Amino acid sequence: MEQALRFRRGDVLAILLVLAAAAAMALGLAVRAAPGPVTAQIYREGRLVAQLPLDRDGSYAVDGDYHNTVTVQNGAVAVTDSDCPGGDCLHSGWVSASGRSIVCLPNRMEVRLVGGAAGDVDIVLG
């Protein structure tokens, strides 16, 4: 004698919760970055000390316990000089994508990339 599988009320609720979570994640991935150019925001000890748009070449010195030089060139940003121990911030290289960051823990400095061009594609649903 074969028993048919039946959905219980809890099974249906669990399926609906999983579908709702999947829809929320897809919606979250589809949310676009703020329109406009990507900007490098430089924080020292949690306070915003400078903003450098990536569409203009330039540099900014960050002084604290150590010294960092943050450089913008050709639409990307990097820490190009640092006297901190280890120099991990120097090894982060050039970054240009919104949402990325460069961190120098010894100098308590962070470079955050925010914003984004209207033409950037984060996800295609369909």
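Where is the place of L16? I found L16 in helix α1 (residues 9-30), helices being DSSP runs of H or I with at least four residues and strands runs of E with at least two, numbered from the N terminus.

I noted that this is a predicted model, in which local features need pLDDT of at least 70, side-chain atom pairs count only at pLDDT 80 or more, and totals for chains, interfaces and linings use all residues. Residues are numbered from 1 along each chain as its sequence is written, and side-chain values use heavy atoms, with hydrogens and water left out.

I then looked up pLDDT, the predictor's confidence in each residue from 0 to 100: the protein averages 84, and 83% of the residues score at least 70. Among the elements, α1 has the lowest mean pLDDT (80), whereas strand β4 (residues 67-73) has the highest (95).

Next I traced the open sheet, where 3 strands follow the order β3-β4-β5 with antiparallel pairing, a pair requiring at least two DSSP bridges between the strands. Because β3 (58-63) and β5 stand at the edges with a single partner strand each, one side of each is left without a neighbour in the sheet.

I counted 6 bridges joining β4 to β5, and along this pair V70 stands opposite V79 in β5, while N68 stands opposite S82. In the hairpin of β4 and β5, with 2 residues between the strands, N74 takes a positive phi near 55 degrees.
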